[in-house]
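Here is a short briefing on one protein chain. Please keep the sequence and the coordinates open while reading.

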Amino acid sequence: MDYNFHDIEKKWQKYWEQNKTFKTSEDLTNPKKCYVLDMFPYPSGAGLHVGHPEGYTATDIFSRYKRMKGFNVLHPMGWDAFGLPAEQYAIQTGTHPSITTKNNCDTFRRQIKELGLSYDWDKEINTTDPGYFKWTQWIFIRLYNTWFDEKLQKGRPISELSVAAHLGTEEKIKYINSKRLAYYDNALVWWCPHCCTVCANEEVLNDGTHEKCGNRVERRNLKQWMLRIPLYAERLLKGIDKLDWPEGIKDMQRNWIGRSTGAEVDFKVEGLNINLTVFTTRPDTLFGATYMVIAPEHPLTDSITTKDQKSSVENYIKTSSLKSDLDRTDLAKEKTGVFTGRYAINPVNNKKIPIWVADYVLTGYGTGAIMAVPAHDTRDFEFAEKFNLPILCIQDPDVNDSEQKQRILDGKECWTEDGKYINSSDKVTGVDINGLNKEAGIVRITKWLESKKLGTSKVNYKIRDWLFSRQRYWGEPFPVIHWEDGEVTVMNDDELPLELPQLEKYLPGESGESPLANSEEWLNVVDKNGRKGRRETNTMPQWAGSCWYYLRFIDPKNDKLIFDSEKEKYWMPVDLYIGGAEHAVLHLLYSRFWHKVLFDLGIVSTDEPYQRLFNQGMILAFAYESETGAKVSGDLVEEREGKYSHKESGAELHQIVAKMSKSLKNVVNPDDVTSKYGADSLRLYEMFMGPLDVTKPWDEKGVKGVFGFLGRACRFLTNSENIFTGNEDPEVLKGLHQTIKKVEGDIESLHFNTAISSMMIFLNLATKKGKITTDTAARFTKILSPFAPHLSEEVWQSLGNNKSLAYEPWPDFNEEYLKEDNFNYPVSFNGKTRFNIELPVNLSKEEIIKIVLSDERSRKWIGNSTPSNIIVVPNRIVNIVIKP
RNA sequence: GCCCGGAUGGUGGAAUGGUAGACACGCAGGACUUAAAAUCCUGUGACCAUUACGGUUGUGCGGGUUCAAGUCCCGCUCCGGGUACCA
């Protein structure tokens with residue numbers, strides 16, 4: 001039979017759909033369960049690109065394999081469909097985003113179905129569906145009504161928060177609000193003038209542009225919803241250790257959380273009855289503190305500044321606040337600052353040191369004030385050099401270069417590594433760490449500070465509160481009402497979902513209000529006592545829906561509960577989660593945070609959502625440019641002996657590898673690939689390109705290669721002349737069992753490229769032999785089926801079966817067949833292989849040595865000398881060492 | 001700057017410290033064909049030989065450990081990703 005992939009694929013896709021072949025089992029008694037999840041896509045108008053099927057194919061292979069291994073598999077797909085593009089389109093055309101979204105989802109669904117992915121479509125979800133975002137709002141209410149008990153390291157219902165009895169009503173509310181995980185407050189936020197919305201710190205790239213649109217963001221002070229994710233920093237950090245995730249991603253999360261240990265130290269301010277508290281990771285360098293710096297926004301700046309310095313400090317604060325609008329990067333590197341006129345007292349030696357204001361100290365981290373140790377901190381060193389502040393070396397550096405050592409000791413170079421302390425004792429205070437090293441110094445100074453009540457050891461985190469609102473239309477509305485008397489309330493669960501109003505215009509307000517503010521009818525509410533209120537006009541960021549979607553997949557149609565908790569207990573955690581590394585920090589961290597809150601509230605049964613995570617690599621594509629840099633579409637390029645030229649003009653072109661983009665004219669559309677080679681070839685090629693986690697370029701020639709393999713498999717296996725009943729040839733049997741073993745191991749470890757190559761090797765062997773048994777053909781078809789499911793079903797049918805092979809048991813391999821009688825030993829002399837010799841596997845080392853030495857070919861290499869050593873590694877190698 | 005990856009033929013890549021280059025693409029030669037496509041067979045790291053069933057060399061660079069290094073250790077170079085005044 002010819003490989004008519006077009007008919008075969010259509011036929012089986014129809015079969016699977018009609019028979020609901022991949023419907024998730026409702027039987028929760030099978031102890032073997034496997035939840036296999038893809039990062040669900042944002043359904044863009046452009047449709048699928050070849051990057052999507054990479055991860056989807058990987059999880060599909062894994063799911064199909066697990067089903068054959070007898071597991072209950074949950075393998076769902078859905079749409080992360082809130083987002084800006086649909087809203088921008090609505091602004092331009094007036095088309096409601098829900099219509100655009102529906103069309104895009106339809107396209108994505110069709111394209112995905114054409115890949116033969118074994119999703120249970122009955123479990124499909126869409127974050128924009130009120131039946132879904134009802135529960136997103138429900139979770140928000142839970143966040144709002146939860147506080148974090150630091151002692152228990154656990155989120156608890158706000159009703160369990162003890163409030164001091166003497167507080168007045170207003171103070172009480174204020175106190176409670178200060179504890180809620182979700183709170184509404186003024187915040188200095190990043191505003192994107194292009195998108196007309198705020199965005200999270202995490203969404204601003206380090207060149208000061210918005211990651212979504214590439215435009216420069218500005219600072220604005222706005223009332224916004226924030227989530228207190230830093231309270232969970234320690235839990236989020238500790239949880240990482242137990243996860244089966246790529247180490248690189250774990251590191252990125254750890255860095256993002258940014259735990260650092262140190263101490264808070266109080267400095268007396270001369271002439272004022274106040275303390276200035278600093279955070280430092282190096283309390284051991286207190287003797288080297290020669291000045292202090294406070295951030296411009298520090299609450300004490302005003303009171304510390306002396307009359308004389310008042311105007312220059314105020315000027316400085318003004319310019320530095322403007323500067324953050326101008327540029328966060330280049331300008332900010334050049335250090336600036338002014339003297340406050342005031343001095344502080346260094347607690348270890350009672351020395352007077354000047355207090356400066358400088359914006360290299362950040363308000364949001366630590367206490368917003370530092371002690372500056374220029375000799376042992378690069379930033380302080382730069383600042384001190386610029387403003388001629390004293391630099392006192394207090395550590396004899398561990399460095400060999402004597403010139404460098406002298407420069408450091410003279411305070412002419414900064415030293416941040418370890419060394420023995422010098423100049424670090426004081427008779428009056430009694431502190432002395434001279435001669436100690438860093439580790440011991442930190443311990444001793446911290447102890448001393450604590451004993452004198454001058455400081456405490458302290459842990460700080462980089463992670464900040466998460467800005468959780470956007471001034472957009474197409475997002476989840478907050479179930480929140482702001483009342484005229486200033487009270488803020490959340491809606492009752494039974495009032496959910498709060499749906500979006502229909503609008504005529506989707507343009508956001510210029511003042512930073514969302515388009516929702518235009519809908520009077522929706523906006524204004526009155527309670528039963530006639531009190532007027534206004535709904536929250538911000539909507540939730542796109543992260544909200546994806547924070548918990550894996551939970552809804554478990555029970556997507558439940559309209560009474562967020563999910564049935566028996567089902568949740570059964571399916572959680574996600575056993576395998578595959579997606580792009582671009583979500584390494586944000587989505588995965590946010591999602592873990594919500595999950596932990598839900599866990600603390602007893603809503604979910606696991607502490608972590610995603611047990612095993614894997615990131616697929618990006619797929620790049622070749623692009624071609626002319627001398628002038630003009631981009632040329634791939635189909636106009638001719639290759640000859642490694643050189644590229646324009647088919648029409650003949651002009652010389654050069655090849656580059658880059659991200660797929662319209663401007664580079666190198667976008668590969670999966671639809672084109674499936675129509676030309678079929679979905680099985682697309683799937684196989686995506687997996688055969690290389691290891692799943694690396695970035696790799698798309699090459700159509702490679703698709704031809706796997707297409708050839710599938711064609712050969714089809715022709716060979718469906719030709720009855722090649723298939724016989726009887727005893728299998730031992731070589732074929734061995735090859736088959738080797739292949740089963742290899743494919744099984746490779747699927748478990750997600751090494752799909754080598755699994756495919758081993759199946760190619762087997763097919764080459766079978767073709768060479770010309771005939772295999774029905775049993776062999778059946779087993780081979782089974783192991784091929786997760787990779788090329790359409791073709792495998794067809795072959796399976798032609799082998800005389802009338803049911804889908806999706807739930808056929810995975811074939812076992814038999815170690816007996818893998819055993820070899822002989823091993824072809826490479827014989828090397830001084831590590832260089834010279835010849836091979838076939839020997840029985842059970843020979844003793846002595847026997848092997850004897851045979852090898854007596855071999856004629858050995859004489860040539862040994863000559864007249866005597867081997868000084870002979871290494872025999874059974875069934876691996878013989879190495880004869882000859883000293884010249 | 002800091003953290004994490006990576007570097008292997010013309011190309012994508014393979015290799016528990018044990019025969020480097022599996023598998024595939026490409027290329028070359030051959031078969032089939034009037035011809036092309038498709039398909040099938042053979043060869044294919046480089047260099048030197050070519051009478052060989054031959055030799056030399058070879059995994060970014062420089063050292064080291066080892067009987068044996070693509071793999072382990074030390075020091076670099078280049079490329080990719082993340083992050084950045086976080087005290």
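**Helix pair H25 and H26**

Ala778, Thr781, Lys782 and Leu784 in helix H25 meet Ser792, Val795 and Trp796 in helix H26. The model is a predicted one.

- H25 covers residues 774-784 and H26 covers residues 789-798.
- The two helices pack at an angle of about 160 degrees, and their axes are 9 Å apart.
- H25 is therefore roughly antiparallel to H26, since angles over 145 degrees count as such.
- The crossing of H25 past H26 is left-handed.

**Chain A as a whole**

- Chain A has 29 helices and 37 strands.
- Its C-alpha trace spans about 100 × 90 × 65 Å along the principal axes.
- Of the 884 residues in chain A, 52% are buried.
- Among contacts in chain A with a separation of 6 or more, 71% are between residues 24 or more positions apart.

- Helix H3 runs over residues 84-93, and Leu84, Ala86, Glu87 and Ala90 are buried in it.
- Why do these residues lie on the same side of H3? They cover an arc of only 165 degrees around the axis, which puts them there.
- The buried residues of H3 pack against helix H4, residues 97-113.
- Gly94 follows H3 and has a positive phi, near 80 degrees.
- Ala81 sits in the loop between strand S3 (78-79) and H3.
- Is Ala81 buried or exposed? Ala81 counts as buried because its relative accessibility is 1%, and the limit for buried is under 20%.
- Beyond its neighbours within four places in sequence, Ala81 contacts Tyr42, Pro43, Thr101, Asn126, Thr127, Thr128 and Trp474.
- Ala81 and Gly545 are 464 residues apart in sequence, while their C-alpha atoms are 8.7 Å apart in space.

**Ser63 in helix H2**

- Ser63 belongs to helix H2, residues 52-68.
- With a relative accessibility of 0%, Ser63 counts as buried.
- Which residues does Ser63 touch, not counting those up to four places away in sequence? They are Val36, Val73, His75 and Ser118.

**The sheet S8-S7-S9-S19**

- Strands of a sheet pair through backbone hydrogen bonds, either parallel or antiparallel.
- This open sheet has 4 strands in the order S8-S7-S9-S19, and the pairing is antiparallel.
- Strand S8 (197-199) and strand S19 (466-467) are at the edges. Each has a single partner strand, so one side of each is left without a neighbour in the sheet.
- Strand S7 (residues 182-192) pairs with S9 in the antiparallel sense over 10 bridges.
- Which residue in S9 is the bridge partner of Ala182? The partner is Leu227.

**Leu227 in strand S9**

- Leu227 lies in strand S9, residues 218-227.
- Leu227 is buried because its relative accessible area is 0%.
- Leaving aside neighbours within four places in sequence, Leu227 is in contact with Leu143, Leu181, Ala182, Asp465, Trp466, Phe468, Phe593 and Trp594.
- Leu227 and Ser633 are 406 residues apart in sequence and 47 Å apart in space, C-alpha to C-alpha.

**The sheet S21-S20-S23-S22**

- A further open sheet of 4 strands has the order S21-S20-S23-S22, with antiparallel pairing.
- Its edge strands are S21 (488-490) and S22 (524-526), and each pairs on one side only.
- On average, neighbouring strands of this sheet are turned by 35 degrees against each other, direction ignored.
- How many bridges join strand S20 to strand S23? There are 3, between residues 480-483 of S20 and residues 532-535 of S23, and the two strands run antiparallel.
- Trp483 stands opposite Gly533 in S23.

Conventions:
Residues numbered from 1 in each chain as written. Chains lettered and ligands numbered in written order. Predicted model: local features only at pLDDT ≥ 70, side-chain atom pairs only at ≥ 80, totals over all residues. Heavy atoms only, no water. Pairing = 2+ DSSP bridges. Axes fitted to C-alpha atoms, helices over the stretch in contact; angles between N-to-C directions. Buried < 20%, exposed > 50% of the residue type's maximum accessible area, 1.4 Å probe, protein only. Contact = heavy atoms within 4.5 Å. Arc of directions from axis to C-beta. Parallel < 35°, antiparallel > 145°, perpendicular 65-115°, else oblique. Left-handed = near helix turned anticlockwise from the far one by under 90°.
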